[in-house]
Amino acid sequence: MRKHLTIGLVVVFALLVVGCAAPTPAPQPTAIKPAATTAPQPTATRPAATAAPTAAPTTAAAPKLSGDLVRGGVLYDTWWEVIEAKAPTGDQPLWKTQTTNTRKGEITWRCKECHGWDYKGKDGAYGSGSHKTGFVGIAGAKTKPAADVLASLKGKPNADHDFSKFLKEQDLIDLTVFITEGQIDTATMVNADKSSKGGDAVAGKSQYGKVCTDCHGPNGNAINFGTIAAPEVIGILAADNPWEFIHKVRVGQPGWPMPSGITNNWKAQDYVNVLAYAQTLSKTPGSSEGGPLYDAWWKVTGAEAPKTDQVLWKTQTTNTRTGPDTWRCKECHGWDYKGKDGAYGSGSHKTGFTGVLKSATLSADDLTAWLTGKKNKDHDFSANLDAAQVKALVTFVQKEIKDTAAYINADKSVKGDAEKGKTTFRATCAACHGSDGKKINFGDDKTPEYVGTLAADNPWEFFHKVLSGQPGEPMPSGFAMGWTLEDIANLAAYARTLPIK
Ligand code: HEC
Ligand code: HEC
Ligand code: HEC
Ligand code: HEC
């Protein structure tokens, strides 16, 4: 399962976007946001944790609530990922009052599933199709007193609409502020045929290049939000669901440091421009997606890790690992793809098994035969991988395994320009890994492992993961970024200067 990074980097990102160097993370303001999206304060000058002036209360009896409307918008999407809780089990109690939307379980607890990405419920995009519930939107609540909206989230008048068992008062207030102050009328941005209303794709391209490319890649396909068989990339989502696109670009993505357009003071026209451009982007992932399968395929397929040893494992004795590790392609064939002729030719990973670097010349049929046990019945992964996944691995072996020897020295140092790597690291990696690479620990508290640790210990693995991505995590693929081996070497050279513990 994916880990989530609920970190306040959107603000840092905002500062970087306007050209102000802010290398250390600033806390995200949680108490108070600018009163309305139409009158934002300039981001560059807004002190991170200082209260913005609030507008006068709408009525003397009901003082304005102080909440973070951007956070409220992300809560509206998948609230449990924002508060880092487990998703509720079973269906939301109101779910049984409709029959048309046949989804079950946690999805029935998402505000958006009942009220829509366009906030219009039955009067909008969810008025028909598989998401149809017949439930009202939240658009009408925009003009209601905030106290009434807040009450509705606490089960008044409808006790089955009580979210206070799961969400804290401030969470409910943030949601309320989003509903009363943060909602937009999506009809002003999206046409009935889902195209953008008056968007300028050329202007959108430049905006996209400034804010989105560093994570989603120049073609919008560096992160696949779907699966290998049913991929979802920016170009697909923007065309299929422009309302979701606009919602997420305005507030960000739950659990990930994706910048918020509201925080970055985007104007309405910026969203339609980026939507217009995003609808022209590629509809296919920018890499084979076989690389993460070569690493630990069950983290991609969602299967349980195998408990027994892979059948071929007993034909060697030098590598004493057992269980899941013995099923990883990399454990037998190496991060350098050279098996016994490479880094795994000695040491605790030594198996004596062949590499796959030269297998790139095999035909797709032959490679498929290898992976489905037709060349050697003990090398059969057909019970573990579906046809699309086998195909992804075949393409990976044919096109994406690279000989990194020219960039990695015998002592594991790399031939790269750390200064150049620093620029890329700051632009793409720092949002998730932190500018010192220590925000995500792949090890544990006792033996921490950071980007710096891995770059120092295992440059081959570093090359593999930065090019292919991390199994089960939305880490961008370097292939989709258009990076060359030299670019990765530069990144590795910089990563090797980062703290290792
Ligand atoms: C299972 C479906 C469902 C989910 C999930 C759901 N709602 Fe509702 N919501 C409803 C229904 C149905 C109503 C109106 C009926 C009622 O209150 O009796 C409603 C009413 C509302 C209203 C009042 C609308 C008005 O015009 O007065 C608001 C505001 C609201 N919901 C916000 C939210 C928020 C925020 C969330 C997420 C925390 C959420 N809802 C989750 C079904 C849902
Ligand atoms: C710091 C990295 C980062 C930046 C910058 C970024 N995103 Fe994202 N974006 C992500 C991540 C991570 C996800 C989550 C993918 C997942 O959960 O599988 C995501 C998800 C999305 C989704 C939702 C996909 C879905 O179906 O849930 C959209 C749409 C999107 N991004 C658009 C954009 C646009 C447009 C920009 C520029 C305005 C942008 N992003 C900038 C990291 C980023
Ligand atoms: C337990 C160790 C092990 C695992 C795990 C493993 N392989 Fe192999 N693989 C081998 C061995 C041993 C051979 C050679 C077998 C033979 O000659 O009959 C081989 C052969 C191959 C070949 C053919 C090599 C050639 O050029 O003739 C390819 C391609 C290959 N494996 C890819 C993969 C991929 C992709 C995965 C992950 C899905 C994988 N292997 C997992 C041990 C393993
Ligand atoms: C959208 C967030 C995101 C971005 C951007 C990102 N990563 Fe990652 N990265 C992750 C996550 C999540 C993991 C998995 C952490 C875990 O398994 O505990 C990871 C894992 C890794 C690993 C593997 C660690 C291991 O031992 O398994 C490396 C190396 C790495 N990232 C390097 C980079 C580099 C270099 C960049 C920039 C080019 C980058 N990442 C960009 C989220 C991201």
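Asn265 counts as partly exposed in this predicted model, because 19 C-beta neighbours lie inside 10 Å, whereas a buried residue needs 20 or more. Asn265 is not a glycine, yet its phi is positive, at about 60°. The residue is located in the loop that runs between α9 and α10. A positive phi, near 75°, is also found at Lys412, again in a residue other than glycine. Lys412 belongs to the loop between α14 (387-400) and α15 (418-433). With 16 other C-beta atoms within 10 Å, Lys412 is partly exposed, because this count falls between the limit of 12 or fewer for exposed residues and that of 20 or more for buried ones. A further backbone feature concerns the peptide bond that joins Lys156 and Pro157, which is cis, with omega at about 10°. Pro157 is part of the loop between α4 and α5.

Two packed helices are described by the angle between their axes and the distance between the axes. For α6 (residues 201-211) and α10, the axes come within 7 Å and cross at roughly 95°. The two helices are therefore roughly perpendicular, since the crossing angle falls in the range of 65 to 115 degrees. On the α6 side, the contact is made by Ala201, Ala203, Gly204, Lys205, Gln207 and Tyr208; on the α10 side, the partners are Asp270, Asn273, Val274, Ala276, Tyr277 and Ala278. By class, the contact of α6 with α10 comprises 7 nonpolar, 3 polar and 2 charged residues.

Ligand 2 has 22 residues around it, of which Cys212, Cys215, Met258, Ala431 and Pro474 come nearest. The shell divides into 17 nonpolar, 2 polar and 3 charged residues.

Ligand 1 is surrounded by 25 residues, and the closest are Gln92, Cys111, Cys114, Ala141 and Asn158. At least two residues of this shell come from each of α2 (69-82), α3 (111-115), α4 (146-153) and α5 (169-182). The largest share, 4 residues, is supplied by α3. The shell around ligand 1 contains 16 nonpolar, 7 polar and 2 charged residues.

Technical notes: Residues are numbered from 1 along each chain as its sequence is written. Chains are lettered from A and ligands numbered from 1 in the order in which they are written. This is a predicted model: local features need pLDDT of at least 70, side-chain atom pairs count only at pLDDT 80 or more; totals for chains, interfaces and linings use all residues. A residue is near a molecule or strand if its C-beta atom, placed from the backbone, lies within 6 Å of it. Ala, Val, Leu, Ile, Met, Phe, Trp, Tyr, Cys and Pro count as nonpolar, Asp, Glu, Lys and Arg as charged, and the others, Gly among them, as polar. Axes are lines fitted to C-alpha atoms, for helices over the stretch in contact, and angles run from 0 to 180 degrees between N-to-C directions. Angles under 35 degrees count as roughly parallel, over 145 as roughly antiparallel, 65 to 115 as roughly perpendicular and the rest as oblique. Two residues are in contact if their C-beta atoms, placed from the backbone, lie within 7 Å.
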